[in-house]
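Biologist: I would like to learn how to read a model like this one. Could we take it feature by feature?

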Amino acid sequence: MLIRKLLLPVTLTSVVVMAGCVPAQPQPQKPVLTPDAFSQRIDALQEQLAGQCNVQQQQLADQQALSRSLRRDVREVGSQLRQIHAEMEQPAQPQAVEACKAVTDNPILDKALLGRVEWVGFPTISSYFKARIDTGANTSSLSARDITEFERDGAKWVKFKLALRDDGKYFVAGDRDKWVEAQVSRTVTIIQASGREERPVVSLLMTLGDIKQKVEFTLNDRRDLTYPVLLGRRFMMDIAAVDVSRTFINARPEYPGSAPSNEAAKDEDPNEGNRD
């Protein structure tokens, strides 16, 4: 027992001495970051950030485009729904009523019937002329010569004489050299093979059968054509229909100094309208 107590301190001392003799493990040293390596790392980080920004910008652009497309679709659907709703609110009518309505609403029945050539009258000129009805032309035309522009009360006016051929009894005697004055409503540009031409447009009171209204006419010399007057679509729209197989459906107007209208048939050629 005594020996064990004496040996214990010696043993502890030996252990301490041996522990102090164990060599210490060297610590690993961190590599030194050179300036070039630091610059390369910064460049790599910048490229990475730039790539991420580009991806985000593209995603944002795609989202905006999708949003615009969705808004267009929503507006279109809303318009279709409103149209359907309006149609649903209209009261349904029996088929028999619809059939009668289709007959009574026939636009041809409410329009004046014209032939391909008709007599037209100009009350302000007190004369009548043969007119060709041309559904292919837009604006009507009146044969005029010596067209002179002038100004009156700040507005643009023209004065002209009727350009009439020597053949054909389609005007009142004495009208050939009569001056006509009218205010210019507008000017049209005519493009032909010979070039561009500006023509004045005037509004004149005209009668044709039961029709009596102001009609716009371009002024140009039509003596090389058969008819001094051409009536286009603007005149016929909503008021007249044309039967191209007939001529002179409506009676010729009468003015002082003209022959009676019942003698107009002597001047009417059955082949009228086959010529220009």
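Biologist: Start with one residue. Where is the place of D153?

Modeller: First, a caution: this is a predicted model. D153 sits in the loop between β4 and β5.

Biologist: Is D153 buried or exposed?

Modeller: Exposed. D153 counts as exposed because its relative accessibility is 80%, and the cut-off for that class is over 50%. Now check the backbone. Phi of D153 is near 55 degrees, a positive value in a residue other than glycine.

Biologist: Which strand holds D146, and what is its phi?

Modeller: D146 lies in strand β4, residues 140–152. Its phi is near 55 degrees, again positive in a residue that is not glycine. D146 counts as partly exposed because its relative accessibility is 41%.

Biologist: Let me step back. How many helices and strands does the protein chain have?

Modeller: Four helices and ten strands. Read the order from the N terminus: α-α-α-β-β-β-β-β-β-β-β-β-α-β.

Biologist: How do I read the contacts along the protein chain?

Modeller: Look at sequence separation. Take contacts between residues at least 6 apart in sequence; 62% of them join residues at least 24 apart.

Biologist: And what share of the protein chain counts as buried?

Modeller: Of its 276 residues, 28%. The accessible surface comes to about 19300 Å², and carbon and sulfur atoms own 55% of that.

Biologist: Which residues form a nonpolar patch on the surface?

Modeller: V77, L81, I84 and M88, with about 420 Å² of accessible area together. Take M88 as the example. M88 belongs to helix α2, residues 35–89. M88 counts as exposed because its relative accessibility is 67%.

Biologist: Now charges. How many salt bridges does a search of the whole structure find?

Modeller: Six. R152 pairs with E181, with the closest N and O atoms 2.8 Å apart. That pair links distant parts of the chain: R152 is in strand β4, E181 in strand β6, 29 residues apart. R152 is partly exposed because its relative accessible area is 31%. E181, at 43%, is therefore partly exposed as well.

Biologist: Which residue forms a salt bridge with R145?

Modeller: D146, the residue with the positive phi. The closest N and O atoms of R145 and D146 are 2.9 Å apart. R145 counts as buried because its relative accessibility is 18%, and the cut-off is under 20%.

Biologist: What is the N to O distance between D221 and R223?

Modeller: Their side chains meet at 2.7 Å in a salt bridge. D221 counts as partly exposed because its relative accessibility is 34%. R223 is at 38%, so R223 is partly exposed too.

Biologist: One last residue. Which residues is Q192 in contact with, leaving aside its neighbours within four places in sequence?

Modeller: E197 and R199. Q192 is in strand β6, residues 179–192. Q192 counts as partly exposed because its relative accessibility is 39%.

How values were computed
Residues numbered from 1 in each chain as written. Predicted model: local features only at pLDDT ≥ 70, side-chain atom pairs only at ≥ 80, totals over all residues. Heavy atoms only, no water. Helix = DSSP H or I, 4+ residues; strand = E, 2+ residues; numbered from the N terminus. Buried < 20%, exposed > 50% of the residue type's maximum accessible area, 1.4 Å probe, protein only. Contact = heavy atoms within 4.5 Å. Patch = residues over 30% accessible without salt bridge, like charges linked within 9 Å, V, L, I, M, F, W, Y side chains within 5 Å. Areas by Shrake-Rupley, 256 points an atom, 1.4 Å probe, with all protein chains shown as cover. Salt bridge = Lys/Arg side-chain N within 4 Å of Asp/Glu carboxyl O.
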